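Visitor: Could you walk me through this one while I look at it?

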Amino acid sequence: QMLAGERLPYEEPDLEQISIRIRPRWVVFAVDTSGSMSGQKMQNAKQALIQTARQLLAMGGDTCRIGVVGFSREAEVICLPTSDLGKLEKAVNNLQPTGTTSMDEGIELAVQVVLAAPAGADRDVVMLTDGMPDQDKRSRTLQIANSVQGKGITLSSLGIGKQDVDLNFLQTLTPLSLVIESTGNISEALGQLLTQSAKNRGAITDVDPGVP
């Protein structure tokens with residue numbers, strides 16, 4: 001039998017009454033600033049960092065914080081996590097490649113920075129590099145990467161330059177690793193890593209950076 005029904009008029013939803021909860025997210029980029037990153041590699045990396053930060057902040061607003069750590073002979077905080085794109089852009093543009101590759105210190109410092117995120121926030125450390133750590137730092141780099149597990153942090157890595165980067169080594173640090181050509185789209189690759197990180201946490205709708 002046909003069930004009794006009633007036709008109701010359509011009403012536009014009142015968007016002001018809809019509350020959308022976006023989970024806080026802190027992303028700290030650990031950027032290789034060794035001498036081999038000079039020239040176009042560093043310029044492309046700077047542009048990609050700023051573009052990715054802009055997309056993340058557009059989606060997350062004040063709930064999102066972006067920080068940057070640089071590492072060459074040693075690691076240093078370039079910009080503490082912030083939602084101020086202008087401040088971040090100024091800091092990123094001051095990155096200057098020189099020296100060797102203390103990758104262990106870069107990851108370690110980035111982890112320390114992102115651990116300051118409030119309880120309940122998603123935490124990401126994303127490393128950009130065009131090569132390998134200094135030979136005497138290789139073992140410690142592996143130890144530091146392994147220690148990230150269990151701290152509520154997602155570590156991912158992007159290798160720039162397929163001729164120079166050892167993808168197997170990066171995947172030993174973290175399975176969430178990609179390698180692209182030096183002239184490749186760094187921003188798109190970062191977007192893929194951050195999107196996959198969010199998927200792994202079941203938070204893709206909260207923090208999709210908007211990059212395919």
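Visitor: Before that, what kind of model is it, and how are residues numbered?

Guide: This is a predicted model, in which local features need pLDDT of at least 70 and side-chain atom pairs count only at pLDDT 80 or more, while totals for chains, interfaces and linings use all residues. Residues are numbered from 1 along each chain as its sequence is written, and side-chain values use heavy atoms, with hydrogens and water left out.

Visitor: OK, strand S5: how many of its residues are buried?

Guide: Eight of the eight residues in S5 (153–160) are buried, where buried means under 20% relative accessible area, exposed over 50% and partly exposed in between, with a 1.4 Å probe and protein chains only. Strands here are DSSP E runs of at least two residues and helices are H or I runs of at least four, numbered from the N terminus.

Visitor: And which residues point which way?

Guide: Ile 153, Leu 155, Ser 157 and Gly 159 point one way from S5, whereas Thr 154, Ser 156, Leu 158 and Ile 160 point the other way. In a regular strand the side chains alternate between the two faces of the sheet.

Visitor: What does S5 pair with?

Guide: Strand S4 (residues 122–129) runs parallel to S5 and is joined to it by seven bridges, with Asp 124 opposite Thr 154; pairing requires that DSSP finds at least two bridges between two strands. S5 also pairs in the parallel sense with S6 (residues 177–180), over four bridges, and there Ile 160 stands opposite Ile 180.

Visitor: Which helices go with those pairs?

Guide: S4, helix H4 (residues 138–147) and S5 make a right-handed β-α-β unit, and S5, helix H5 (residues 167–173) and S6 make a right-handed one as well. Right-handed means that, with the strands pointing away from the viewer, the path from the first strand over the helix to the second runs clockwise.

Visitor: Switching to Leu 176, where is it, and why does it count as buried?

Guide: Leu 176 lies in the loop between H5 and S6, and it counts as buried because its relative accessibility is 13%. Leu 176 and Leu 155 are 21 residues apart in sequence and 7.3 Å apart in space, C-alpha to C-alpha.

Visitor: And Ser 102, what does its side chain join?

Guide: The side chains of Ser 102 and Lys 137 are joined by a polar contact of 3.0 Å, that is, a pair of N or O atoms within 3.5 Å, where within protein one must be able to donate a hydrogen and the other to accept it, and residues adjacent in sequence count only if both atoms are side-chain atoms. Ser 102 sits in the loop between helix H2 (85–93) and helix H3 (103–114).
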